[in-house]
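Open the model in your viewer and keep the selection tool at hand. The stops below go from the whole chain to single residues.

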Amino acid sequence: MNYLKTDGAFLIIDRTIADGIKTSRARRERQREPEDMRCRAAVFDMDGTILNTAGDLTDALNYAMRETGHRHDYTEEQVRGFVGSGIRTAIGRAFDEERRGLAARQGAAETELSRSFDAAETDRVRNVFLPYYETHCDVRTDSYPGIREMIRALRERGILTAVVSNKPDAAVKKLAQDYFEGLFDLAVGEQAGIRRKPAPDMTEKALAALGIRREEAVYIGDSEVDLETAANAGLPCIGCAWGFRGAAFLRAHGAELLAESAEDVRRIVLGMED
């Protein structure tokens with residue numbers, strides 16, 4: 001596990017993700033040809049890309065951790081660094097913080113505390129988190145400025161739009177409907193039997209459902225997971241500087257296209273039609 005400091009906050013990433021971005025980007029460059037850049041579909045991440053969900057994610061995680069007897073005072077800043085790879089990974093990262101705190105206070109080695117933070121305990125916390133978040137996922141959540149207008153502008157040009165997220169599928173569909181009614185042709189969340197991002201499976205499923213080739217699509221996201229997802233699926237990726245990771249982090253992880261605003265996304269995507 002690596003810790004990178006950017007914009008005054010520590011963000012947690014897996015070394016394998018960072019290495020994977022480099023390898024899969026090279027593969028994408030070999031696969032794509034310049035004439036294949038016409039864009040017919042835009043695939044969006046959800047958390048930190050089209051919706052600021054940090055408040056509700058933080059509340060739900062702290063609730064689930066409290067109900068299961070764990071540390072439950074995580075800040076939004078911390079939770080932004082936890083999320084992106086699915087709820088089990090987020091809980092595991094919260095456990096890592098809790099275990100380090102216990103070790104520091106008690107003087108025990110981290111390995112001595114591992115029994116309380118195993119896979120079964122992760123599932124126990126997840127089973128509390130999921131139903132709570134499903135009914136509280138829209139309390140403090142809101143779309144980022146200009147997102148709805150940007151999506152409408154893309155659709156007016158005939159571009160199909162989809163959401164692909166590692167959030168639970170029920171929450172993805174609910175939020176897409178509640179905040180973007182009629183603006184997405186497809187919304188896909190984490191489902192049993194389909195590998196979650198950064199594997200390309202969810203994105204490939206979305207493109208197949210839309211009837212779009214990868215050469216005709218672009219991926220938009222805000223994290224290292226999104227950069228690798230796009231590369232694994234053979235798509236260019238627009239990094240969203242307003243999201244959970246920030247511009248400096250995305251540049252450090254090789255983002256080739258960076259948007260500072262929703263209007264930048266519109267401009268870049270429509271430019272791919274030329």
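This is a predicted model: local features need pLDDT of at least 70, side-chain atom pairs count only at pLDDT 80 or more; totals for chains, interfaces and linings use all residues.

Residues are numbered from 1 along each chain as its sequence is written, and side-chain values use heavy atoms, with hydrogens and water left out.

Switch to a cartoon view. The protein chain has 11 helices and 10 strands, taken as DSSP runs (H or I, at least four residues, for helices; E, at least two, for strands) and numbered from the N terminus.

Next, select the open sheet of 6 strands, which has parallel pairing and the order β7-β6-β3-β8-β9-β10. Strands pair if DSSP finds at least two bridges between them. At the edges are β7 (186-190) and β10 (257-259), each pairing on one side only.

Within this sheet, pick β8 (residues 217-221) and β9 (residues 237-240), which run parallel and are joined by 3 bridges. Which residue in β9 is the bridge partner of I220? The partner is I238.

Now select F44, I50, I147, F180 and V265, the residues with the most contacts inside the largest nonpolar core, which has 56 residues. Such a core is a set of buried Ala, Val, Leu, Ile, Met, Phe, Trp, Tyr and Cys residues joined through side-chain atoms within 4.5 Å. A second, separate core of 19 residues includes A162, L207, I212 and A217.

Methods:
Buried means under 20% relative accessible area, exposed over 50%, partly exposed in between (1.4 Å probe, protein chains only).
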